[in-house]
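Q: Could you show me how to read a sheet, the helices beside a sheet, and a pocket, taking one feature at a time?

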Amino acid sequence: MGVTHHGRTERLDLADPTLRDWTCTVLAADAEQGIVLDRSAFYPGGGGQPPDHGVLLWQGVQTRITGTRKGDDLWLIPAEGDPLPPVGTQVAGAVEDTRRTLLMRTHSGLHVLCGVVFRDFGALVTGGNMEPGEARMDFNLPEVPADFKARLEELVNSEVGADRQVVTRVLGRDEALALPDIIRTQSNLIPADEQEIRIVDIVGLDVQADGGTHVASTVQIGKLQVVKVESKGKANRRVRVRLI
């Protein structure tokens, strides 16, 4: 997946994660594959963040978008039974705001969680997943203090309330990988042929490679509740969180 383009599609979602509606042209439309646009603000999914939902509006017709299929091109999947806009049609795209905004807040909240656990407990991420408003993250953390759950929630929300700016930038591969601790997962998940790497920096707390959408400041996250801490093996701990 490219930073500025995926196949023939310009990635508006990464250029401006606040964008919710735009105009574009249909480049391909196939009943089995889906729809390819020349410009798209639909986040296609990846890195644990689910794809956006939304609609395409054209000539008085609505086509609901419920997912994506990634290959050489970025295919948008229409809802079953919805019509396909013909190739060459100009359409208006719209991302479902509530879902996207919740996912942005959740994703940024996970980066705060990751930054705190790395800084204060020295643990790397071993897995994770998110849905709008709730998520889990797994850490390589053999020893867990008795007050870990309450302490972690307090530390995370202190950083959320600190109004730290969330800044994204794109670096060449060598420059990005030279940054200290840029890989926060136990395994390096960056493809070997990826020459541009997108960096998400929660200023003063967490810097890591990431391809998702985020809020502009940690205060926009709201507040995180640490719902549960589970043991998932000898050294693996699963932390479940939700927005409140």
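The dialogue below goes through these features in turn, and the model it discusses is a predicted one.

Q: What holds the strands of a sheet together, in general?
A: The strands of a sheet pair through backbone hydrogen bonds, and the pairing is either parallel or antiparallel. In this predicted model, 4 strands form an open sheet, in the order E10-E11-E16-E15, and their pairing is antiparallel.

Q: Over how many bridges do strands E11 and E16 pair?
A: Strand E11, residues 134-140, and strand E16, residues 236-243, pair over 7 bridges in the antiparallel sense. To follow this pairing in the structure, look for Arg136, which stands opposite Arg240 in E16.

Q: Which strands does helix H2 touch?
A: Helix H2, made of residues 97-121, packs on the sheet and touches E10, E11, E15 and E16, while its direction makes about 25 degrees with that of E11. Helix H3, residues 148-160, lies across E15 and E16 and runs at about 145 degrees to E15.

Q: What is the volume of the second largest pocket, and which residues line it?
A: The second largest pocket has a volume of about 170 Å³, and its lining includes Leu14, Met104, Arg198 and His214. By kind, the residues of this lining divide into 6 nonpolar, 4 polar and 2 charged.

Notes: Residues numbered from 1 in each chain as written. Predicted model: local features only at pLDDT ≥ 70, side-chain atom pairs only at ≥ 80, totals over all residues. Heavy atoms only, no water. 1 Å grid on protein atoms, 1.4 Å probe; cavity = no way out; pocket = protein on both sides within 12 Å on 5 of 7 lines; lining within 4 Å. Points joined across faces, edges and corners; volume = space filled by probe spheres on them. Nonpolar A, V, L, I, M, F, W, Y, C, P; charged D, E, K, R; others polar. Pairing = 2+ DSSP bridges. Helix = DSSP H or I, 4+ residues; strand = E, 2+ residues; numbered from the N terminus. Contact = heavy atoms within 4.5 Å. Axes fitted to C-alpha atoms, helices over the stretch in contact; angles between N-to-C directions.
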